[in-house]
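Here is a short briefing to read alongside the model. Please keep the viewer open as you go through the points.

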Amino acid sequence: MATARKLADETHSNLPFAYRHYGPDELKEVLRKMYLIRRFEEGAEDSYMRGLIHGTMHLSIGQEASAMGICMPLTAEDQITSTHRGHGHCIAKGADVKRMFAEFFGKTTGYCKGRGGSMHIADVSMGNLGANGIVAGGIPIAVGAALSAKKLKNGKVVVSFFGDGANNEGAFHEALNMASIWKLPVIFVCENNGYGMSTSTARSTAVKNIADRAAAYSMPGVIVNGNIFSEVAEASHAAVERARAGEGPTLIESKTYRYRGHSKSDRNRYRSKEEIEDWISNRDPIMLFEADLKEFGIIDDKGIEAIREAVRAEIEAGIEFAKASPSPDTADLQEFVYTEPA
Amino acid sequence: MDAMPRELSYSQAIQEAMAIAMEADERVFLMGEDIGVYGGAFQVTGDLVERFGADRVMDTPISELGGAGVAVGAALTGMRPIFEFQFSDFATLAMEQIVNQAAKMRFMLGGEVSVPVVMRFPAGSGTGAAAQHSQSLEAWLGHVPGLKVIQPATPHDAKGMLLAAVADPDPVMIFEHKLLYKMKGHVPEGHYTVPIGKAEIRREGSDLTIVATSIMVHKALEAAETLSGEGIDIEVVDLRTIRPMDKATIIESVKKTSRLLCVYEAVKTLGIGAEVSATIAESDAFDYLDAPIVRLGGAETPVPYNPELEKATVPQVPDIVTAARDLVRGKR
């Protein structure tokens, strides 16, 4: 996704960033992956309802533009750390939904061979160092990965995704401080969906914008509308450029919304149906992106329908692959605890 | 005339091991609070910053949780960090990264990654630093699958086990008793390793096995020397690693002596002594026992400031002598 090409037409200079920066095929691929994330989440939810997936899961429906926009300037070698709401990040970073479903189904063909599940989904081959079950747990780890990149001089940048809830954890503050004093190539991405489980940011957070906290660590703090792909991608490009140039970290606050509850136990008592409905009807990231693509003549309804159909088939095949895959043998329970068996 | 074997202090041995590791491998670097020009709270890193520079002997802010997490992240992505905690008590501030992240990352990701981080913890009482700077928390970490936890008792082992830890692909936690830092002993030149997961018999004997850890190995040896004058022949096993524990050596020793005394500084209950005792109770060595198993551990109290109270908190040589004598003489 990192090969950004300009449309190279000066007459397009008033277009939003993404439509100047990416070619039509890339933009269509972004739409495809936003659909892939949404349909994956729906497929996972459906499989959970049918009892094919146990445990719990945290769905990112409504946050697709944020995951895709941030990952656009990243190469396959660049790394991310993700969160409990990490399925979208994993797909945006290039994972195969077959192996993701297999992981959720607890199968040996899953990315974590059935040991991690939804909350630890990872794809190390594509630089995804893993979702994390601990709020803010991945933030210092991302800073460590950025320290490696700096020491090894391998040119990698690292993105740490986290939610609004994480910005009140000590790990967030310690990690941002260290990234700044050591000028590390890391981008902190706070996907602020308004609620840490049930507690709104207004009730939990002393600053109006989480990006305001960047000032305390002498780094740029950027606020973007996380439901507008182009805005997110533009901020990410600037932050990645800064990181690669050795100028240090950036904090991006991507304001977005999750349609589903926090997890499967959520009764949605802390927000109104009207509020949820308003986001779905008026600010849906896929709807907004499609409208732009159509307006700029990049895709038509037929093209959109073809993408939907292809995604539907990919999701179906992924679920079938997961169903057909073998489960781990209980005799292998202690595999992977240590590198070399005791 | 033979040259005297070279002697180094325990802290010099650790410093030498870190220098050798850094010489040999560019990926090895040190992180910790005040380990640079200050030389570390216990002067273990000493002047290494002058030799290797501030990029490889990195002072961190006072951020134990974040710092430990950075070390974990660096280990996950190709580096070989050695992270120094100023006091082992501060592990409490970093438990999240140690227990939830470092220990589990490889497992959770189905073996796709490893976390070759080494963490060093100056531990134990005896320095008058009171309740928040004197604890022995090794059993806490020993309870976590995915970690390896070691307690070298001699300068020789401190160097060899640290070099083994740096070479280990998994996270290794090293508990170093602060009162051992100045202890001198023979330390070979150059690179060598002492295996993790292998106990060492420090003294052979036939009447009683003492399984001891860290500084208690030396106290047990002193007690054994005293009791040899009374015709009591004690075997002292230096456990060295608490996870993975060398159960075979303990079992073999108890089969030979038929009596077991566990001596460790950490709070007595729910600790290493319970694990060692249960190892015997669950093994065929149980049938060899001629006396109940006895544990001598730390008192059920925070470590106090007053020096006499502080001493009374942990087993001392006379306590070991009495317990061992009573066991062998059948008074237990």
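Domain bounds here come from an automatic or database domain assignment. With that in place, the centres of domain 1 of chain B and domain 2 of chain B, taken over C-alpha atoms, are separated by 26 Å. This is a predicted model, in which local features need pLDDT of at least 70 and side-chain atom pairs count only at pLDDT 80 or more, while totals for chains, interfaces and linings use all residues. Residues are numbered from 1 along each chain as its sequence is written, chains are lettered from A and ligands numbered from 1 in the order in which they are written, and side-chain values use heavy atoms, with hydrogens and water left out.

**The two domains of chain B**

- In chain B, the assignment gives domain 1 as 7-186 and domain 2 as 200-328.
- Contact (heavy atoms within 4.5 Å) links 29 residues of domain 1 of chain B with 22 residues of domain 2 of chain B.
- The two domains of chain B bury about 2000 Å² between them, 56% of it on carbon and sulfur atoms; buried area is the accessible area (1.4 Å probe) that two parts lose on being put together, summed over both.
- Two salt bridges are counted between domain 1 and domain 2 of chain B, where a salt bridge is a side-chain nitrogen of Lys or Arg within 4 Å of a carboxyl oxygen of Asp or Glu.
- Asp157(B) and Arg202(B) join their side chains in a salt bridge at 2.5 Å, N to O.
- On the side of domain 1 of chain B that touches domain 2 of chain B, the elements giving two or more residues are α6 (138-142), β6 (148-150) and α7 (155-167) of chain B; helices (H or I, at least four residues) and strands (E, at least two) are DSSP runs, numbered from the N terminus.
- That side of domain 1 of chain B has 14 nonpolar, 12 polar and three charged residues, with Ala, Val, Leu, Ile, Met, Phe, Trp, Tyr, Cys and Pro counted as nonpolar, Asp, Glu, Lys and Arg as charged, and the others, Gly among them, as polar.

**Where chain B meets chain A**

- Here 43 residues of chain B are in contact with 35 residues of chain A.
- Chain B and chain A bury about 3200 Å² between them, with 67% of it on carbon and sulfur atoms.
- One salt bridge is counted between chain B and chain A; the side chains of Glu112(B) and Lys113(A) meet in a salt bridge at 2.8 Å, N to O.
- Elements giving two or more residues to the side of chain B that touches chain A include β2 (28-32), α3 (64-76) and α4 (91-102) of chain B.
- The most is given by α3(B), with 10 residues.
- By class, this side of chain B has 19 nonpolar, 14 polar and 10 charged residues.

**Chain A as a whole**

- Chain A has 12 helices and seven strands.
- The radius of gyration of chain A is 20 Å, close to the 20 Å that the globule rule gives for 342 residues, so chain A is as compact as a globular protein of that length; the radius is taken over C-alpha atoms, and the rule is 2.2 Å times the number of residues to the power 0.38.
- The C-alpha trace of chain A spans about 60 × 50 × 45 Å along its principal axes.

**Backbone details to look up**

- From Arg243(B) to Pro244(B) the peptide bond is cis, with omega near -5 degrees.
- Pro244(B) is in the loop between β12 (241-243) and α9 (247-257) of chain B.
- Lys153(A), a residue other than glycine, has a positive phi near 50 degrees.
- The loop between α6 (138-152) and β2 (158-163) of chain A holds Lys153(A).
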